[in-house]
Amino acid sequence: MNTTYFKATLREITYSWGKFISIVLIILLGSLLYVGIRATGPDLDNSAARYFNQHNLGDLTVTSTLGLTGKDLRLIKNAPHVATAEANHMVVTKKSQDEVVSVSSFSQSTKLNRLKLVSGHLPRSRDQIVLDSKAKQRGYKLGQAYRVPKTAGLRQQTYKIVGFVNSPLFVSSTDRGTTNLGSGEIDYFAYLPKQAFNQSTYGSIAVKFNNTAGLAAGTDKYNERVQSDQAQLEKRLKQRPEQRQKEIVQPQLATINSKLNQLDKQTSQLSQVPAAYQTTQMKTLLTS
């Protein structure tokens, strides 16, 4: 029976060599693809981990629509398992109709998310700027003047391009984040020295935990550790949104109340003016 089946199989193969060869080739290609992915996957993970370690990529970034203050920074620094926390200024501006740029602060003493220099040098004074290497596609060159619209948070509008960089925060060669300006997408990033900003608050705080050392970014163990640390950090900062809102609103309310008190005093003084001397405008004010 087995011999008969074997002969029948050979006969089928003999009658359709083309189909048989095609099936074998498909199986070989599939096997080679699988082996290739299995072999290169760990290499890619190791390369990414080595790149992140070289530039000391932070484990997470804390942001707030109301801005972050020194109090937030202190709370984060004193949180469990936090090894390093660095605050950065940031503004997003629409440079032209089809060009939205995210400008962040840079310091020579920065420990986290260190920039990788592609060409030129890092800023040495507040009138120098480095651009995302992606900005080269728009024709920007070293030594060129770079002008941004008048923007709240920046001390000046014109800078000199002194370098092009890559950032470990952006692994993708195209995606630079989203915004509510322009098309909704940030086209590229830029970095200025901290002294180029006149902001009283921070745009973000980069955080590095002390219990993630030796764990490759993206692995299950790493993600679990970061999620646990993040939960503790969120619990520690839980009251800050409401507190921050009060910090912004209360000074404004105090100013308004002060102006209202001044107005009441002036109204009281006007009411003491004899009716015969009151103008139509004064009478309207007193009856309103």
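## Salt bridges in the predicted model

Glutamate 247 and arginine 244 both belong to helix 5, where they stand three residues apart, about one turn of the helix. In this predicted model, the two side chains form a salt bridge whose closest N and O atoms are 3.2 Å apart. Glutamate 247 is partly exposed at 31% relative accessibility, whereas arginine 244 is buried, with a relative accessible area of 13%.

Within it, aspartate 72 pairs with arginine 240, with 2.5 Å between the closest N and O atoms. That pair connects distant parts of the chain, with aspartate 72 in helix 3 (residues 70–77) and arginine 240 in helix 5 (residues 240–271), 168 residues apart. Aspartate 72 has a relative accessible area of 5% and is therefore buried, the limit being under 20%; arginine 240 is likewise buried, at 5%.

A further salt bridge joins the side chains of aspartate 59 and lysine 208, at 3.9 Å from N to O. Here too distant parts of the chain are linked: aspartate 59 is in the loop between helix 2 (17–54) and strand 1 (60–68), and lysine 208 is in strand 10 (residues 202–209), 149 residues away. Aspartate 59 counts as buried at 11% relative accessibility, and lysine 208 is buried with a relative accessible area of 19%.

The count for the model comes to eight salt bridges, among them the following.

| aspartate 59 | lysine 208 | 3.9 Å |

Notes. Residues are numbered from 1 along each chain as its sequence is written. This is a predicted model: local features need pLDDT of at least 70, side-chain atom pairs count only at pLDDT 80 or more; totals for chains, interfaces and linings use all residues. Side-chain values use heavy atoms; hydrogens and water are left out. A salt bridge is a side-chain nitrogen of Lys or Arg within 4 Å of a carboxyl oxygen of Asp or Glu. Helices (H or I, at least four residues) and strands (E, at least two) are DSSP runs, numbered from the N terminus. Buried means under 20% relative accessible area, exposed over 50%, partly exposed in between (1.4 Å probe, protein chains only).
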